[in-house]
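Hello,

I am passing a structure over to you today.

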Amino acid sequence: MSIPPPSTLIVLLALTLAQRPPATPPTAGWTVEPDGRASRPIPDPQGAAQLVVPPRCRQARCALVIVSHGRGGQALDGVTHPPFDTLVDAIDVQGYVLLLSNDGGRETWGSPGALAYIKRVYQAARPHYQGNGRLYTLGISMGGLPATLTAYRQTLGVPVQATALVAGRVNLKDAVRTSQRRGQSVRRAYGGGSLSGHDPVNDFAQFSGRLTPLLTVVSPQDTAVPSAANGERLAALARRAGADVQVLQVRGPHLSGGYMNASIGRQIGEFFSAHP
């Protein structure tokens, strides 16, 4: 067997290395955890988002999951709140970069300001990880509104491959109607403006992205965000329209252990992987 001359081997090695995406380095601005996950804040006047890159995505191109928090929450819940952390860890370990969104505030209800915030931090995060062009959204409780609206309104200028909801609130009209305090919070978030076009359930037919594949995790014991009016109703609308839909039914009250666990995280990651 003939052996190529050293000059040829050097050229071949250089070409091989050039085809490999560069690793996301743990340089200034990054914090590297003992498990190898690297994270950094994505600053914004309305609160920093948090970018989390698991070890395998520092060496390879990965999809991005934008995660929206529940009412009263913040971006750091995904790394500091144990049940939330357990859920998202089970997603990123499958080869996903996470962008933990602050959603423009603690109670923003999928408002125009919340969606504009998500677009800003998404664009600001892009230079800091090696993407493969695939994008997903995940909404926890109130975060179901911005997660679904980002996909349905196609606000990022690129398609969202799939959306997942965990105890997701997606019926804005019902949220306002069933609680005076909640209604006041929604109106503050929208600055007294119209809610039209921001209700995934009641405005469903008008959304250009309504066929986005949808996974929704629901519980019959959830009285805070009743599944029948939210996740189950949106799933029925989406399925009737022709979208690929999966409903996972768990047991327990709102955001209890039935919702927030590694098994649910694994199934969300698997659903995303099935929709490249």
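**The disulfide**

The model is predicted. The count of disulfides in it comes to one. That disulfide links cysteine 57 with cysteine 62, and the S to S distance is 2.2 Å. The cut-off for calling a disulfide is a sulfur pair within 2.5 Å, so this pair qualifies. The link between cysteine 57 and cysteine 62 is left-handed, with -95 degrees about the S-S bond.

Are these two cysteines buried or exposed? Cysteine 57 has a relative accessible area of 1%. Cysteine 62 has a relative accessible area of 6%. Buried means under 20%, so cysteine 57 is buried, and so is cysteine 62.

Strand 4 covers residues 62–68. Seven of its seven residues are buried, so strand 4 is largely enclosed by the rest of the structure.

Which strands pair with strand 4? One is strand 6, residues 131–140. Strand 4 and strand 6 run parallel and are joined by six bridges. Look for valine 67 here: it stands opposite leucine 138 of strand 6.

Another partner is strand 5, residues 96–101. Strand 5 also pairs with strand 4 in the parallel sense, over six bridges. Valine 65 has leucine 98 of strand 5 as its bridge partner.

**Two backbone angles to check**

Most residues other than glycine have a negative phi. Two residues are worth a look on that point.

Glutamine 154 has a positive phi, near 55 degrees, and is not a glycine. You will find glutamine 154 in the loop between helix 5 (144–152) and strand 7 (162–166). Glutamine 154 is partly exposed, with a relative accessible area of 41%.

Leucine 255 is not a glycine either, and its phi is positive at about 55 degrees. Its loop lies between strand 9 (245–249) and helix 9 (262–273). Leucine 255 is partly exposed, at 31% relative accessible area.

**The chain as a whole**

The protein chain has nine helices and nine strands. It holds 276 residues, and 52% of them are buried.

Contacts come last. Take those between residues at least 6 apart in sequence: 76% of them join residues at least 24 apart.

Best wishes

Key: Residues are numbered from 1 along each chain as its sequence is written. This is a predicted model: local features need pLDDT of at least 70, side-chain atom pairs count only at pLDDT 80 or more; totals for chains, interfaces and linings use all residues. Side-chain values use heavy atoms; hydrogens and water are left out. Helices (H or I, at least four residues) and strands (E, at least two) are DSSP runs, numbered from the N terminus. Buried means under 20% relative accessible area, exposed over 50%, partly exposed in between (1.4 Å probe, protein chains only). Contact means heavy atoms within 4.5 Å. Two strands pair if DSSP finds at least two bridges between them.
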